[in-house]
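Hi,

Here is the structure I promised to pass on.

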Amino acid sequence: MIKQRTIATPIKTVGIGLHSGRKVTLSIKPAPINSGILFVRMDTPEQSVVPATALAVCDTRLASVIQKDGVRVSTVEHLLSACAGLGLDNLFIELDGEEVPIMDGSAASFLFLIESAGIAEQEAPRQFVVIKKLIEVREGDKLARLEPFFGYKLDFTIDFKHPAVDKTGQRFLVDFAEHAYRSEIGRARTFGFAHEVEALREMGLARGGSLDNAIVLDEHRILNNEELRYEDEFVRHKILDAIGDLYLVGHPIIGSYVAEKSGHALNNALLRKLLADSSSYEISSFPENKAPAAYSKESQPLFF
């Protein structure tokens, strides 16, 4: 059978929150089978535990924020994307502040940390959310959709009217039966526009943003000295975000995700609509030789 996975040894790092601008220590530790991914706020009196679930999402302004009993954990999507990319089911993620550190703006630092800790299989079958019928949400010209597919693929289209973005691809499709998360998605950085920074900071957002942890654009060009990591890095980062947002469903997805101009809010609305309709999905486990290629060791799977 395909088994659940956690990390082999604890690991720790320190970074800055993208929106808070505050220094935070992040520790990732093994968790027992069927725990799921649990964020632990070590700076609260009772070391509050906030499960990484779709129904816990309380804010989606430029990040996915989860909450339980008034205790929040912000900007979880990049770390959860890395967890999905490495096939991790059970973790304790400890923080001494509200926000997960942004690191370099991609999932690459989290991938390095987790791989340095090692990955351990656990003696329990891995559970998958199998999409059984089409579920779609729309907001104006934005949409996000899940539909049946025996594998895991994401097809994302962005539409940023900006000279630098126009030069790159605004649509990307990744099928994890054929492509590896680490090489195709994991290094894509978040991005933002310089003219929006002042307004965002007045809202308490983007206070830790810099050229070290984001691609920053003015009205005409990219301000970073470093070249893009992918020729279509902008849309690949939106897929990175979507993978993290979708992992809040609690298990890896077997299905196809299609999005046009989607973001954290629409991704969460999609999961809530899915979970509200029990006929739209089922929870299943698979023997190794019956699993979709995206999750099979015999192909080029998502988490290897």
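Let's start with R187, which sits in the loop between α4 (181–184) and β16 (191–193). Keep in mind as you read that this is a predicted model. R187 has a relative accessibility of 37%, so it counts as partly exposed. If you skip its neighbours within four places in sequence, R187 is in contact with S106, A108, R182, R229, Y230 and E233. For a sense of distance, take F149: it is 38 residues away from R187 along the chain, and the two C-alpha atoms are separated by 26 Å.

Now the overall picture. The protein chain has seven helices and 19 strands. Its C-alpha trace spans about 50 × 45 × 35 Å along the principal axes. The radius of gyration is 18 Å, which agrees with the value near 19 Å that a compact globule of 304 residues would have. Buried residues make up 54% of the 304 residues. As for contacts with a separation of 6 or more, 74% of them are between residues 24 or more positions apart.

How many of its nine residues are buried? Nine of the nine are, so α1 is largely enclosed by the rest of the structure. If you want to click through them, they are E77, H78, L79, L80, S81, A82, C83, A84 and G85. Just after α1 comes G87, with a positive phi of about 70°.

Two helices that pack against α1 are worth a look, α2 and α6. A quick reminder before the numbers: two packed helices are described by the angle between their axes and the distance between the axes.

The crossing of α1 past α2 is right-handed. On the α1 side the contact is made by H78, L79, A82 and C83, and on the α2 side by F110, L111 and I114. Sorted by class, that contact has six nonpolar residues, one polar and no charged ones.

The axes of α1 and α6 come within 7 Å and cross at roughly 80°. So α1 is roughly perpendicular to α6. Here E77, H78, L80, S81 and A84 of α1 meet H237, L240, D241, I243, G244 and D245 of α6. The class make-up of this contact is four nonpolar, four polar and three charged residues.

H237 deserves a line of its own. Apart from neighbours within four places in sequence, H237 is in contact with H78, G105, A188, R189 and T190. H78 is the α1 residue that turns up in the α2 contact and again in the α6 contact.

On to the backbone. Most residues other than glycine have a negative phi. Which way does phi go in N34, positive or negative? Phi of N34 is positive, near 65°, and N34 is not a glycine. This residue is in the loop between β3 (23–30) and β4 (37–41), and N34 counts as exposed because its relative accessibility is 56%. M103 also has a positive phi, near 55°, in a residue other than glycine. You'll find M103 in the loop between β9 (91–95) and α2.

Last stop, V258, in strand β18 (residues 253–260). Is it buried or exposed? V258 is buried, with a relative accessible area of 15%. Beyond its neighbours within four places in sequence, V258 is in contact with L143, A144, R145, E147 and D155. T53 is 205 residues away from V258 along the chain, and their C-alpha atoms are separated by 21 Å.

Cheers

Conventions. Residues are numbered from 1 along each chain as its sequence is written. This is a predicted model: local features need pLDDT of at least 70, side-chain atom pairs count only at pLDDT 80 or more; totals for chains, interfaces and linings use all residues. Side-chain values use heavy atoms; hydrogens and water are left out. A crossing is left-handed if the near helix is turned anticlockwise from the far one by less than a right angle, and right-handed if clockwise. Helices (H or I, at least four residues) and strands (E, at least two) are DSSP runs, numbered from the N terminus. Contact means heavy atoms within 4.5 Å. Ala, Val, Leu, Ile, Met, Phe, Trp, Tyr, Cys and Pro count as nonpolar, Asp, Glu, Lys and Arg as charged, and the others, Gly among them, as polar. The radius of gyration is taken over C-alpha atoms; the globule rule is 2.2 Å times the number of residues to the power 0.38. Buried means under 20% relative accessible area, exposed over 50%, partly exposed in between (1.4 Å probe, protein chains only). Axes are lines fitted to C-alpha atoms, for helices over the stretch in contact, and angles run from 0 to 180 degrees between N-to-C directions. Angles under 35 degrees count as roughly parallel, over 145 as roughly antiparallel, 65 to 115 as roughly perpendicular and the rest as oblique.
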